[in-house]
Structures are given as structure tokens and as C-alpha cells.
Amino acid sequence: FFMALAVATITACTKNDDPETGRLFIRLNGDTIQTHAAITFACQGFEMTPFGTRSLEADGKAMTDLWILDYLVGLDGLELSQDPIHQVSTDEDFGTPTLNLAVGNHHVYFIASRGSGATLSTENHTITFTRVSDTFYKDYEINVTATSNGSRSVTLERIVTKLTTVITDAISEGAATFNLTPEAWHYGIDYTTGLPISATASQTITINIPSSEIGVTNEHLSIFGFSTEDEWTTNVTLNCKKADGTILGSAVLSNVPLKRNRITEYTGPLFSSNGQTTVDLTTDWEDTHTGTW
């Protein structure tokens, strides 16, 4: 009976992600032992798929990786208390890792992402990606005592910005790739602060064009990058090339304003006959803050 009850408690999940605020929710179920607390992290945003696996979604797209890093607060500062946990979406227990937390004050860092080419460095306290995608983060502080128990919730906040370009004219015959080159772009964070690490300069992000897209108008191209909550700007070059490298069209986006948990959208033609085109900014205001008196 007790085993069945434990399984039911751990696996009971409900959908609870909020794309409007850029948050994902995680629930912690605690069980205490003498010098450590065994805590199972059951993510409310995870839902069972028809194949018996779990998925955590934001904006209708599933996260592929979840990292959890447990740091104990000591006399000399933060110390990594145990090996990092890295789960992928195909793991049977994806979203329900169990940590044995030593008695004391902890910072438990959560990173959920669907980016690719991730590299984790506990020496530098960083996680970087070859291609950034939607990513969420939380520094969860917990004081573990000999009597710790109960259930706790953790909310992960989105820590990326998204730049979207909408190409209004038809994609030319022979087009093979779209190429976006920001003058500065953040591909990683310091996971102890959640802040972006130093920007990488002039690194091109390439998007392949399938043959079925030739002639299509209003093509949407989106790239993600880590960002601060404060707005910052960079210049971005956009072009389309043939397979042999011939440029079919290009545009320059000047002083693009970017901010964490916000989409910045530009719209304009790319294949016009008059050569290089500078497109206009078409962003919307963020949600209105309302109150009563």
C-alpha cells in the first residue's frame, strides 16, 4: 500500500506552464532522513505522452534537457555538493529526479532548455550552447534540517530573448540558406547568477531552406539568445545564399533592441532588386500593468 501511495505521489503531474509570463513550474516532494533529505523533484509542467515518456512544454514546444546542480553553502562559499544531474526527454524519470540533500543551506540551480550542443562547466559555473533555444532557469534556495519534509514549488523563469525576422517577398529560386549574423550574441550563462556570459562577436547562425519553401512569402526566421532583464542593442546582418555562396538578398538591422522574455520582430523584403535593404522595427509593447485604488 505504502509503495503504491509513494508511486502515485511521485508520478501525479498536471500541466502548468505559462508562456505569457515565461515561467515553468516545478514541485518538490520532500522526505527526511537523519543527515540528508531525499527530495524528489516532480515537475508540474511535465505531462505524460502516449509513449509513456514525459515532456515539458513552453509555447507548444518541448524542452529536451534538464540540468540540476546542488551547491552547499560553506565557510568558503558555495561548494558543489554532488554530481550534476542531467536528464533528457527520453529518460524514463525525466522531470522527477531525486536528490539527497545534506543538512545545511543550499542553492539548487535548475536549467531547462531545448537548445543544442550544450557544454556544462562546473569549474567555470557556465553552461553554453552551440545554438540557443528557449531556456528557463531558477536559483532555488533551501535550508535542509533534520526534520525537513513537505512539498515545495519552484518556478523557472525564461532567460532568453527571441529575434524574429519576417521576409515579406517570395524566396528566390536556388535559395539554400538564410544567415543571420549578430555583431554580439550570448550563447551561455553563469548558472550561479543566471546572467549571460561574455557575448560572442560576429558568429553566423545558418538556417537551411528546404525546396518546398521556394516561392513562399512572409517566411518567419527566429533565433534565441541569452539576455539580461535590461534592454540592450546589437546590429544584425541578414542574407540569403545559394549553395555556392552567392548572395541572393541581404538586409541590415541596426540597433536591434533585445530584452529577456521578449520577442523583437522585424519585417521587410529581402529579394528586392535595389540591393541592400534596411527593414523597420515592428515590436509591440509588453503587457500593460494594471492596478486598483
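This is a predicted model: local features need pLDDT of at least 70, side-chain atom pairs count only at pLDDT 80 or more; totals for chains, interfaces and linings use all residues.

**Entry 1: a tryptophan to start with**

Is Trp-67 buried or exposed? I looked up Trp-67 and found a relative accessible area of 5%, which makes it buried because the cut-off is under 20%.

Next I went through the aromatic pairs, and the count came to six. I picked the one between Trp-67 and Phe-129: the ring centres are 6.0 Å apart and the planes stand at 80 degrees, so I wrote it down as edge-to-face. Where do the two residues lie? Trp-67 belongs to strand S7 (residues 65-74), while Phe-129 is in the loop between strand S13 (126-128) and strand S14 (135-144). The pair therefore ties together parts that are 62 residues apart in sequence.

I checked Phe-129 for accessibility too, and at 4% relative accessibility it counts as buried. Phe-129 also forms an aromatic pair with Phe-226, this one tilted, with 5.9 Å centre to centre and 35 degrees between the planes. In my sketch, ring pairs join Trp-67, Phe-129 and Phe-226 into a cluster.

**Entry 2: a threonine**

I then turned to Thr-234, which I found in strand S24 (residues 232-241). Thr-234 is buried, with a relative accessible area of 6%. What does its side chain reach? I traced it to the backbone nitrogen of Ala-184, at 3.1 Å. Leaving aside neighbours within four places in sequence, I listed the contacts of Thr-234; among them are Pro-182, Glu-183, Leu-253, Asn-255 and Leu-258.

**Entry 3: how confident is the predictor?**

I finished with the pLDDT values. The protein chain averages 79, and 72% of the residues score at least 70. Where is confidence lowest, and where is it highest? I found the lowest in helix H1 (residues 2-11), at a mean of 38, and the highest in strand S19 (residues 188-190), at 98.

I marked two stretches in pencil. Over residues 44-53 the pLDDT is below 50, and the model gives this stretch 31 contacts beyond near neighbours in sequence. Residues 273-283 also stay under 50, and there I noted 27 contacts beyond four places in sequence.

Conventions: Residues are numbered from 1 along each chain as its sequence is written. Side-chain values use heavy atoms; hydrogens and water are left out. Rings of Phe, Tyr and Trp (its six-membered ring) pair if their centres lie within 6.5 Å; planes under 30 degrees apart count as stacked, over 60 as edge-to-face and the rest as tilted. Helices (H or I, at least four residues) and strands (E, at least two) are DSSP runs, numbered from the N terminus. Buried means under 20% relative accessible area, exposed over 50%, partly exposed in between (1.4 Å probe, protein chains only). pLDDT is the predictor's confidence in each residue, from 0 to 100. Contact means heavy atoms within 4.5 Å. A polar contact is a pair of N or O atoms within 3.5 Å; within protein, one must be able to donate a hydrogen and the other to accept it, and residues adjacent in sequence count only if both atoms are side-chain atoms.
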